[in-house]
Amino acid sequence: ATRLRGSRAPQVQEALLESLGDGDPRVQEAAALALRGCPEGVVLTLLTTFLSDSRPRLRELAVSALSGTRSAQAQAVLIQVFDDHVPSIRMSAALALRPCTEEATALKLLELLSSSVPAVRSCAALALQGCEHMKT
């Protein structure tokens, strides 16, 4: 992903974050895609606040924007989403952690394998595929 650079980057990131709350789902999805790969600093903090929003759609978009990031900070935030009451959000969070690179992440994904929701278990198993910490 291309990183935003220059003095305008914070303004662009802020506008994209605001667009996550837009009434049009197409705008929301485009904003989440644009934010993907750059959740650092202020963006990570703001996305984290969206993860506790009462609207499941906004939480799912925040997970989508965080997906693909390899920062330990973002991975820790995604692990917290494993407690969300909406199964699709837990599934998205598990898949966002692929490939699993951290031992702590692998352990949390292993816990998801005992979820009562088969689709959540399936996503956890997919996220564990190729995990360095699962090899003997």
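1. Helices in this note are DSSP runs of H or I with at least four residues, numbered from the N terminus. With that settled, here is a first pass over the fold. Please keep in mind that this is a predicted model. The protein has eight helices and zero strands, and its elements run α-α-α-α-α-α-α-α from the N terminus on. Of the 136 residues, 39% count as buried. Among contacts with a separation of 6 or more, 57% are between residues 24 or more positions apart.

2. Let's start with how α1 and α2 pack. The axis of α1 (residues 9-19) comes within 8 Å of the axis of α2, and the two cross at roughly 140 degrees. Angles over 145 degrees would count as roughly antiparallel; α1 and α2 are therefore oblique to each other. The crossing of α1 over α2 is left-handed. On the α1 side, the contact uses Q13, L16, L17 and S19, which meet V27, Q28, A31, A34 and L35 of α2. Sorted by class, this contact has six nonpolar and three polar residues, with no charged ones.

3. How do α2 and α4 lie relative to each other? The axes of α2 (residues 25-35) and α4 (residues 56-66) come within 7 Å and cross at roughly 30 degrees. Angles under 35 degrees count as roughly parallel, so α2 and α4 are roughly parallel to each other. Here α2 passes α4 in a right-handed crossing. The residues that meet are P25, Q28, E29, A32 and L35 from α2 and R57, L61, S64 and A65 from α4. The class count for this contact is five nonpolar, two polar and two charged residues.

4. Next comes L20, which sits in the loop between α1 and α2. Is this leucine buried or exposed? L20 has a relative accessible area of 1%, and the cut-off for buried is under 20%, so L20 is buried. Setting aside neighbours within four places in sequence, L20 is in contact with Q28, A31, A32, L35, L47, F50, L58 and L61. A further pair to check is L20 and A62: they are 42 residues apart along the chain, with their C-alpha atoms separated by 8.0 Å.

5. Two exposed residues make a handy contrast. E18 belongs to α1 and is exposed, with a relative accessible area of 57%. Its C-alpha atom is separated by 9.1 Å from that of Q28, ten residues apart along the chain. L33, a residue of α2, is exposed as well, at a relative accessible area of 52%. Between the C-alpha atoms of L33 and S67 the separation is 9.5 Å, and these residues are 34 residues apart along the chain.

6. Q75 lies in helix α5 and is buried, with a relative accessible area of 2%. Leaving out neighbours within four places in sequence, Q75 is in contact with T69, R70, L97, T101, E102 and T105.

7. T105 brings us to α7, where the buried residues are T105, A106, L109 and L112. Where do they sit around the helix? Seen down the axis of α7, they fall within an arc of 110 degrees, so they line one face of the helix. The cover over these buried residues includes α5, α6 and α8.

8. Helix α8 (residues 118-128) can be read in a similar way. Its buried residues are V120, C123, A124, A127 and L128. They cover an arc of only 140 degrees around the axis, which puts them on the same side of α8. Those buried residues pack against α6 (87-96) and α7 (103-112).

Conventions. Residues are numbered from 1 along each chain as its sequence is written. This is a predicted model: local features need pLDDT of at least 70, side-chain atom pairs count only at pLDDT 80 or more; totals for chains, interfaces and linings use all residues. Side-chain values use heavy atoms; hydrogens and water are left out. Axes are lines fitted to C-alpha atoms, for helices over the stretch in contact, and angles run from 0 to 180 degrees between N-to-C directions. Angles under 35 degrees count as roughly parallel, over 145 as roughly antiparallel, 65 to 115 as roughly perpendicular and the rest as oblique. A crossing is left-handed if the near helix is turned anticlockwise from the far one by less than a right angle, and right-handed if clockwise. Contact means heavy atoms within 4.5 Å. Ala, Val, Leu, Ile, Met, Phe, Trp, Tyr, Cys and Pro count as nonpolar, Asp, Glu, Lys and Arg as charged, and the others, Gly among them, as polar. Buried means under 20% relative accessible area, exposed over 50%, partly exposed in between (1.4 Å probe, protein chains only). The arc is that of the directions from the helix axis to the C-beta atoms.
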